[in-house]
Amino acid sequence: MSGLEPPFGGHDSGGMAARIEGIPEQIEAALAACTAAPWRLPPGSPSLLAVGAMGGSAIAGDLAAALYADRLPRPLLVVRDVRWPAWLDRDALALLCSYSGDTAETLALYDEAKQRGARRAALTTGGTLAERCRRDGVPWLALPGGSPPRAALFSSFVPLTSLLHILGWCDDPAPAWREAAAAVRALRGRIGGAVPERDNAAKQLARAIAGRTIFVYAGSGVMAPVATRLRQQLNENAKLLGHSAVVPELDHNEIVGWERPGAFHRGLTVLLLADPEDPPEVARRLELTGAYAARQGADVRPIDPAGGGRLARMAAGIAFADYLSLYLALGAGVDPTPIPSIDEFKRRLAASGA
């Protein structure tokens with residue numbers, strides 16, 4: 001495995017390390033933007049909020065739904081598709097999220113929401129989505145541009161929580177976001193790029209699990225979408241296949257896959273994302289699942305990036321995932337920013353006429 005100390009030079013041509021280091025400032029800038037240009041939503045209280053998005057733009061919806069799962073009076077649902085389910089109707093609010101504004105699936109959802117007469121709002125840097133919002137008089141918030149969508153997560157996550165507050169579905173999230181920014185800033189002081197490997201738990205973990213297949217197991221609460229985010233960052237930043245699942249569901253099916261251990265199982269690292277608010281029943285299941293995987297030959301490692309409030313813990317978990325994926329990429333000599341596989345797929349999709 002290559003060295004993990006800066007400067008990273010040509011291995012980080014797109015500046016992903018600096019983008020991850022800038023998460024606390026991204027949170028604070030998003031809070032300031034929400035204050036300067038708050039949402040102007042269509043009148044009336046929607047029956048549900050439907051987030052239509054893909055990839056790095058969709059995960060903010062998953063995170064918000066988990067953050068407020070025990071508080072939201074109405075459903076928050078995330079759709080990653082080209083068509084809405086039947087429940088999207090005139091009483092719903094459709095929030096279309098596309099960082100570029102040109103995501104084909106999100107534009108299809110925008111058009112179908114319009115056809116169904118649903119109220120709409122959008123988050124984007126511009127592009128076709130912004131053009132359609134301006135044409136139709138649909139409210140939208142402008143995101144700061146110039147970043148890979150996955151590195152702009154908090155630029156979308158913060159205004160989504162602001163939208164929920166304006167709907168009256170949650171308390172003002174600003175104090176929790178300020179705590180979250182402080183928690184990630186403190187985490188940066190412990191695992192940031194400038195912290196040498198001998199003192200850096202994320203760099204040490206990256207070196208220890210390099211070359212292994214990574215599974216991420218979490219409880220079904222606030223860490224479930226953080227596990228998804230970690231898996232996605234392994235995919236896009238480190239260019240690795242990965243897997244994520246949650247208890248208690250995985251204990252009704254996936255656990256059987258551990259019954260006959262072999263070389264594959266011994267090559268697995270299982271990262272456990274527990275949370276203090278996991279119900280005791282869920283916490284016990286996650287613990288037992290990890291112990292079973294270890295008995296079957298896996299390398300099992302609990303991850304506990306930070307304490308604090310619920311949002312601070314989520315934000316620190318996301319930041320830890322970002323740093324870990326960065327160090328896995330750099331250690332393998334992989335540039336974390338380019339995504340040639342996605343670019344090539346889009347070219348082939350366009351050439352096919354789809």
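Leaving aside neighbours within four places in sequence, which residues is Leu164 in contact with? The list is Leu49, Ala64, Tyr68, Leu72, Leu76, Trp169 and Cys170, where contact means heavy atoms within 4.5 Å.

## Ground rules

Keep in mind that this is a predicted model: local features need pLDDT of at least 70, side-chain atom pairs count only at pLDDT 80 or more, and totals for chains, interfaces and linings use all residues. Residues are numbered from 1 along each chain as its sequence is written, and side-chain values use heavy atoms, with hydrogens and water left out.

## The chain as a whole

The protein chain has 13 helices and nine strands. These are DSSP runs numbered from the N terminus, with helices being H or I of at least four residues and strands E of at least two. The C-alpha atoms fill a box of roughly 55 × 45 × 45 Å along the principal axes. A compact globule of 354 residues would have a radius of gyration near 20 Å, and the protein chain agrees, with 20 Å. That radius is taken over C-alpha atoms, and the globule rule is 2.2 Å times the number of residues to the power 0.38.

Of the 354 residues, 50% are buried. Buried means under 20% relative accessible area, exposed means over 50%, and partly exposed is in between (1.4 Å probe, protein chains only). The chain exposes about 15200 Å², and carbon and sulfur atoms supply 55% of that; these areas come from the Shrake-Rupley method with a 1.4 Å probe, and for residues only the protein chains shown count as cover. As for contacts with a separation of 6 or more, 80% are between residues 24 or more positions apart.

## The five-stranded sheet

Five strands make an open, parallel sheet in the order S2-S1-S3-S4-S5; two strands pair if DSSP finds at least two bridges between them. At the edges sit S2 (76-79) and S5 (140-142), each pairing on one side only. On average, neighbouring strands here are turned by 20 degrees against each other, direction ignored. Axes are lines fitted to C-alpha atoms, for helices over the stretch in contact, and angles run from 0 to 180 degrees between N-to-C directions.

Helix H4 (residues 104-116) packs on this sheet, touching S1, S2, S3 (93-98) and S4 (119-124), and its direction makes about 160 degrees with that of S3. Zooming in on S1 (residues 49-52), four bridges join S1 to S2 in parallel. Leu49 has Leu76 as its bridge partner in S2, while Ala50 has Leu77. Leu49 and Val51 point one way from S1, Ala50 and Gly52 point the other way, and all are buried.

Back on helix H4, Ala108 belongs to that helix and is partly exposed, with a relative accessible area of 21%. Not counting residues up to four places away in sequence, Ala108 touches Val82 and Arg83.

## The four-stranded sheet

The other open sheet to look at has four strands in the order S7-S6-S8-S9, again with parallel pairing. S7 and S9 (299-303) are at the edges with a single partner strand each, so one side of each has no neighbour in the sheet. Neighbouring strands are turned by 20 degrees on average, direction ignored.

Five bridges join S8 (residues 268-273) to S9, and the two run parallel. Within that pair, Leu272 stands opposite Pro302 in S9. Helix H8 (residues 201-209) packs on the sheet and touches S6 (213-218), S8 and S9, its direction making about 165 degrees with that of S9.

## Nonpolar cores

A nonpolar core is a set of buried Ala, Val, Leu, Ile, Met, Phe, Trp, Tyr and Cys residues joined through side-chain atoms within 4.5 Å. The largest one has 84 residues, and Leu49, Leu95, Phe157, Leu164, Trp177 and Leu324 touch the most other members. Helix H12 (residues 310-331) gives the most to this core, with 15 residues. There's also a second, separate core of 17 residues, with Trp84, Ala92, Ala122 and Val138 among them.

Two cis peptide bonds are worth a look. The bond from Pro6 to Pro7 is cis, with omega near 0 degrees, and Pro7 sits in the segment before helix H1 (16-21). The bond from Val247 to Pro248 is cis too, with omega near 10 degrees; Pro248 is in the loop between S7 (242-246) and helix H10 (263-266).

Lys239 isn't a glycine, yet has a positive phi of about 60 degrees. Lys239 lies in the loop between helix H9 (223-236) and S7, and is partly exposed at a relative accessible area of 34%.
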